[in-house]
Amino acid sequence: MTEKEASLFNMIQQTPNLRSGLADTLIAQIESGDLKPGQRLPTEQAIMTATGVSRTVVREALATLRAKGLINTRQGLGAFVANDPNPRSFSIVPNDLESIDEVLRVLELRLGIEVEAAGLASVRRTDEDIVRIKERLDALDAAIAAGGYGAEEDFAFHRSILVATQNSYYARLFDTFGSAMVPRQWARLDVMTPAERLKHAGRMRKEHHAIFSAILEGDEAGARRSIRGHLTKSAARFEDLRGQAYRMN
């Protein structure tokens, strides 16, 4: 491995999730052009030596890149950057969200999408949209009240707001993400006390109902403010989880 190639991996050992950290590093290098189409990647052993990670971690990271169409392997020769490594479609799958940092990035993306969408929905929604959003909200309330995560119901509620923009591209974009937009694996309800779960459920209900009320009333500024507050608070909760994880290590 050359000195330049070794420099690609300098930060891997400091990444909380080694596989996603290694994959992200390689993806960034491919997208920036530092790793060029057709270029051979360092061997598994060379990457292991540079990063200190296990062979399993290296292979899982390379598998992630293959699944995204960014690299291909040649029998007996190794892995190479794909000749056309730029992805033709974009998606977020649950496996992408293996660290809190990744969840926070998704929430940041959602802020950019959903704040604008809520504003549009508040001034464009039809009576049918209001009925649909309310049905999704009721289903979410019921799921949380029953002690569940409500991930599918949460996704359906937020998607119904995007539908109410009357701009089909919003919902189509959300559909490419699927329920990964609401990362159930990080809800951590299982470690909460009954009192904490009750408090969490009450907070979630209050935030979602504020969003619905603003859209129902045609309050564009209020709709934007409510959904921004909801997603920002969600991000703050994940920031707290990240801090707890670092303190435990």
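Because the model is predicted, local features need pLDDT of at least 70 and side-chain atom pairs count only at pLDDT 80 or more, while totals for chains, interfaces and linings use all residues. Residues are numbered from 1 along each chain as its sequence is written, and side-chain values use heavy atoms, with hydrogens and water left out.

**Overall build**

The protein contains 10 helices and two strands; helices (H or I, at least four residues) and strands (E, at least two) are DSSP runs, numbered from the N terminus. Along the sequence, these elements follow the pattern α-α-α-α-β-β-α-α-α-α-α-α. Of the 249 residues, 43% count as buried (under 20% relative accessible area; exposed is over 50% and partly exposed lies in between, with a 1.4 Å probe and protein chains only). The protein exposes about 13500 Å², of which carbon and sulfur atoms supply 51%; this area comes from the Shrake-Rupley method with a 1.4 Å probe. Among contacts (heavy atoms within 4.5 Å) between residues at least 6 apart in sequence, 71% join residues at least 24 apart.

**Helix α7 and its partners**

Helix α7 covers residues 151-163. The table gives its geometry with α9 (residues 194-216) and with α5 (residues 100-124). Axes are lines fitted to C-alpha atoms, for helices over the stretch in contact, and angles run from 0 to 180 degrees between N-to-C directions.

| Helix pair | Axes come within | Crossing angle |
|---|---|---|
| α7 and α9 | 12 Å | roughly 20° |
| α5 and α7 | 8 Å | roughly 55° |

The angle makes α7 roughly parallel to α9, whereas α5 and α7 are oblique to each other. Angles under 35 degrees count as roughly parallel, over 145 as roughly antiparallel, 65 to 115 as roughly perpendicular and the rest as oblique. The crossing of α7 and α9 is left-handed, and α5 also passes α7 in a left-handed crossing; the term means that the near helix is turned anticlockwise from the far one by less than a right angle.

In the second pair, Arg110, Glu114, Ala117, Ala118 and Ala121 of α5 meet His158, Ile161 and Leu162 of α7. These residues divide into five nonpolar, one polar and two charged.

Gln166 lies in the loop between α7 and α8 (168-177). Gln166 has a positive phi of about 65° although it is not a glycine, and it is partly exposed, with a relative accessible area of 47%.

Notes. Nonpolar A, V, L, I, M, F, W, Y, C, P; charged D, E, K, R; others polar.
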